[in-house]
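Subject: Handing over a structure

Hello,

I am passing this structure on to you. Please open it first, then read my notes below.

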Amino acid sequence: MTAQSIRNAALFHFARDGYEGASLRAIADDVGIKKPSIYAHFSGKEDLFLQALAHAFQEVKRHTLEYFRDHAELPLEDRLKGVFPWFEKEYNASPSTRLMLRMSYFPPPGLYNEVMDIAHPFLDGMERSLNRLLQRAVRHGELPSIPTKQAAIAFMTSLDGITVEIIYGSSRRYNRRLEAAWPVFWHGIHHLNEEAQKIVLEGETSS
């Protein structure tokens, strides 16, 4: 239980203060232990940070899957677009989401590879889940027959480009980006096959 308590306290401190700013002494104080007691469970600050970060990614994954299950009755467009306001609320309310997003953009110096080893499987898993969602939408007639993997990547790219405003900008800028980009994305994925065929035809014409 102590290791879990330390990790949870560390997650909050790393999310608020970053890797460099978080203090092991402050983390220990939150848990009600002495700083040396942390080393009975973690080899050091780096180990504690990476375990807290891995847990944060797991929490975000679980919450994201719960979001899609809880909103399964909504039309596909509402479910997908609804991810953006939902994610903003999660960022403001959840240290796990805050830590995940901040460290994805700003990994600590010297820990880039270790952070990416946690982040990339998470992103790949989200992309696969989204691909399956889009495949079901095609089967049920909510989408035309499109290359769903390409559409999933496009959605993740849009999410990545818009959510950076949570860190850099404000809620107003975040929503401005969303309202500008969403119609382009939604229209675009409905015409993926047309664009793919056009590229093929243009290639045949120029050869």
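Helix H3 (residues 45–70) and H4 cross at roughly 140°, and their axes come within 11 Å. Axes here are lines fitted to C-alpha atoms, for helices over the stretch in contact, and angles run from 0 to 180 degrees between N-to-C directions. H3 and H4 are therefore oblique to each other. On the scale used, angles under 35 degrees count as roughly parallel, over 145 as roughly antiparallel, 65 to 115 as roughly perpendicular, and the rest as oblique. The crossing of H3 and H4 is right-handed. Right-handed means that the near helix is turned clockwise from the far one by less than a right angle; anticlockwise is left-handed.

On the H3 side, the contact uses His63, Thr64, Tyr67 and Phe68. On the H4 side it uses Asp78, Arg79, Leu80, Gly82, Val83, Trp86 and Glu90. Contact means heavy atoms within 4.5 Å. By class, the contact of H3 with H4 has five nonpolar, three polar and three charged residues. Ala, Val, Leu, Ile, Met, Phe, Trp, Tyr, Cys and Pro count as nonpolar, Asp, Glu, Lys and Arg as charged, and the others, Gly among them, as polar.

A word on the source. This is a predicted model, where local features need pLDDT of at least 70 and side-chain atom pairs count only at pLDDT 80 or more, while totals for chains, interfaces and linings use all residues. Residues are numbered from 1 along each chain as its sequence is written, and side-chain values use heavy atoms, with hydrogens and water left out.

Now the overall picture. The protein has nine helices and zero strands. Both are DSSP runs, numbered from the N terminus: helices are H or I with at least four residues, strands E with at least two. The C-alpha trace spans about 70 × 40 × 30 Å along its principal axes. Of the 207 residues, 41% count as buried. Buried means under 20% relative accessible area, exposed over 50%, and partly exposed in between (1.4 Å probe, protein chains only).

Next, H5. Helix H4 (residues 76–93) packs against helix H5 (residues 95–105) at about 105°, with the axes 5 Å apart. That makes H4 roughly perpendicular to H5. Phe87, Glu90, Tyr91, Asn92 and Ala93 of H4 meet Pro95, Thr97, Arg98, Met100, Leu101 and Arg102 of H5. This contact has six nonpolar, two polar and three charged residues.

Helix H1 (residues 2–21) also meets H5: the axes come within 9 Å and cross at roughly 50°. That makes H1 oblique to H5. Their crossing is left-handed. Among the H1 residues in the contact are Leu11, Phe12 and Phe14; Leu99 and Met103 are among those from H5.

Which residues of H5 are buried? They are Ser96, Thr97, Arg98, Leu99, Met100, Leu101 and Met103. The buried residues of H5 pack against H1, H3, H4, H6 and H7.

Last, the core. The largest nonpolar core has 60 residues. Such a core is a set of buried Ala, Val, Leu, Ile, Met, Phe, Trp, Tyr and Cys residues joined through side-chain atoms within 4.5 Å. Phe14, Leu48, Phe49, Leu80, Leu99 and Phe155 have the most contacts inside this core. Helix H6 (112–139) is one of the elements giving two or more residues. H6 provides the largest share, 10 residues. Leaving aside neighbours within four places in sequence, Phe155 touches Leu80, Val83, Phe84, Leu130, Trp182 and Phe185.

Best wishes
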